[in-house]
Amino acid sequence: MFEQDKFWMRKAIDAATAARGLEEVPIGACLVDKNGELLAVAGNRTITASDPTAHAEILVLREAAAKIGNYRLTETALYTTIEPCAMCAGALVHARIERLIFGAHDERFGAVESVFQLCNTSSLNHQIEITSGVLAEDCRKLMQDFFRARRNAKSI
C-alpha cells in the first residue's frame, strides 16, 4: 500500500468517526486532486440531514464540484472507508473520478467489486482505477463496532 493512500484513508476514517459521533453510520470520504490538495471531506449525514442521498461520497462530490465550479472531477482520487453502494458508484463514474480507493468491502451493498462492478465496466463511458483494502481492518472495525453497539442497545 502506498503511504499516501494510508494518509488520506486516515482522513476518511476521521470523518467516519465524526459521523459515528452523530449516530450516523460511520462512513467517511475525502477527495484529493492530482497535486495532493484536499478538495473535500465528509462523513455520512443521511439521518442528520433527513436526506437519503447524503452518503459521505455524495457529500464530498457536491462540495468539491462547488469548490472548483465543475461537475466533472477529473484527475482526482476519492478515498472512502467502505466500498461504495450503487448510488455512490454511479455518481463517481458520472463525476469522472480518476481513482477510487476504499477500505473494507461491503458484501451486501458494494457496487464496485462485491455485488456489482459499476466503476470499471466497459458498458459505461468512464472507468475508474480501483484500489481496495487500504486500512481495511480499521474501516471494518468502525462499522462492526457501530452495529454491535446498536444491536446491544436494542436488546436492553
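**A buried arginine, a core and a pocket**

Okay, let's start with R96: this arginine is buried, yet it has no salt bridge. The nearest side chain of opposite charge belongs to E98, and that is 12 Å away. Keep in mind that we're looking at a predicted model.

So where does R96 sit? You'll find it in the loop between α3, residues 86-95, and β4, residues 99-104. And what does R96 touch, if we leave aside its neighbours within four places in sequence? It's in contact with R72, L73, T74, N125 and H126.

Now step one along the chain, to I97. Skipping residues up to four places away in sequence, I97 touches L31, L61, L73, T76, L78, L92, H126 and I128. Notice that L73 and H126 are on the list for R96 and on the list for I97 too.

That brings us to the largest nonpolar core, which has 47 residues. Which residues have the most contacts inside it? Those are M9 and I97. The largest share comes from α2, with seven residues.

Last stop, empty space. Rolling a probe the size of a water molecule over the atoms shows where some is left. Here, the largest pocket holds about 550 Å³ of space. It's lined by 21 residues, and the closest to its centre are I27, I82, D106, F109 and M143. Which helix gives the most to that lining? That's α4, with four residues.

Conventions. Residues are numbered from 1 along each chain as its sequence is written. This is a predicted model: local features need pLDDT of at least 70, side-chain atom pairs count only at pLDDT 80 or more; totals for chains, interfaces and linings use all residues. Side-chain values use heavy atoms; hydrogens and water are left out. Helices (H or I, at least four residues) and strands (E, at least two) are DSSP runs, numbered from the N terminus. Buried means under 20% relative accessible area, exposed over 50%, partly exposed in between (1.4 Å probe, protein chains only). Lys and Arg count as positive and Asp and Glu as negative; His and the chain ends are not counted. A salt bridge is a side-chain nitrogen of Lys or Arg within 4 Å of a carboxyl oxygen of Asp or Glu. Contact means heavy atoms within 4.5 Å. A nonpolar core is a set of buried Ala, Val, Leu, Ile, Met, Phe, Trp, Tyr and Cys residues joined through side-chain atoms within 4.5 Å. On a 1 Å grid over the protein atoms alone, a cavity is a set of points where a 1.4 Å probe fits but cannot get out, and a pocket is an open set with protein on both sides within 12 Å along at least five of seven lines; lining residues have an atom within 4 Å of a point. Grid points are joined across faces, edges and corners, and a volume is the space filled by probe spheres set on the points.
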